[in-house]
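Subject: Structure handover

Hello,

Please find the structure below. My notes on the salt bridges and the nonpolar core follow it.

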Amino acid sequence: MNAQDTVSMYEAMVGITDQMLAAATIEDWDRLAQLEMQCAACVRQLKAGGDAQPLAGQDRVRKVDAIRRMLDADRKIRDLTQPWMTKLSAMISNKSTERRVARAYGI
């Protein structure tokens, strides 16, 4: 993978994380999960690219900008998903407790 391929992959991942943020904003969790898989595929491609030379100049600036944008989107996504994850965890815990009580009392 050459420098341009690497930078292009990072910029593609920015597009995916922007879509992930949009999905999280409208609480489209299925779409968010699909996009997470796409992003993971990009990461695998970057890793499979082998021992690429360190980027320099404008390529390095573009890569750093892409990483910053992805981290910003990731923070916003976590802010949106955390309440949902807390609610889901409580629901699972309640169901688990309900099943234990039912088993204990033979209900």
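Arg62 is partly exposed, with a relative accessible area of 23%; here buried means under 20% relative accessible area, exposed over 50%, and partly exposed in between (1.4 Å probe, protein chains only). Asp59 is partly exposed too, at 23%. The side chains of these two residues, Asp59 and Arg62, form a salt bridge at 3.9 Å, N to O. The term requires a side-chain nitrogen of Lys or Arg within 4 Å of a carboxyl oxygen of Asp or Glu. Both Asp59 and Arg62 belong to helix α3, where three residues, about one turn of the helix, separate them in position. Helices (H or I, at least four residues) and strands (E, at least two) are DSSP runs, numbered from the N terminus.

The model is predicted: local features need pLDDT of at least 70 and side-chain atom pairs count only at pLDDT 80 or more, while totals for chains, interfaces and linings use all residues. Residues are numbered from 1 along each chain as its sequence is written, and side-chain values use heavy atoms, with hydrogens and water left out.

In total, the structure has seven salt bridges. Asp72 takes part in a salt bridge with Arg75 at 2.6 Å, N to O, and in another with Lys76 at 3.2 Å, N to O. Salt bridges with shared partners link Asp72, Arg75, Lys76 and Asp79 into one network. Within helix α3, Asp72 and Arg75 are three residues apart, about one helical turn. Asp72 and Lys76, also in α3, are four residues apart, again about one turn of the helix. As for accessibility, Asp72 is partly exposed at 31%, Arg75 is partly exposed at 37%, and Lys76 is partly exposed at 35%.

Now the core. A nonpolar core is a set of buried Ala, Val, Leu, Ile, Met, Phe, Trp, Tyr and Cys residues joined through side-chain atoms within 4.5 Å. The largest one holds 18 residues, and Met13, Ile16, Met20, Leu32 and Ile77 touch the most other members. At least two residues of this core come from each of α1 (3-25), α2 (29-48) and α3 (57-104). Helix α1 contributes the most, nine residues.

Which residues does Ile16 touch, not counting residues up to four places away in sequence? They are Leu35, Gln38, Cys39 and Cys42, where contact means heavy atoms within 4.5 Å.

Regards
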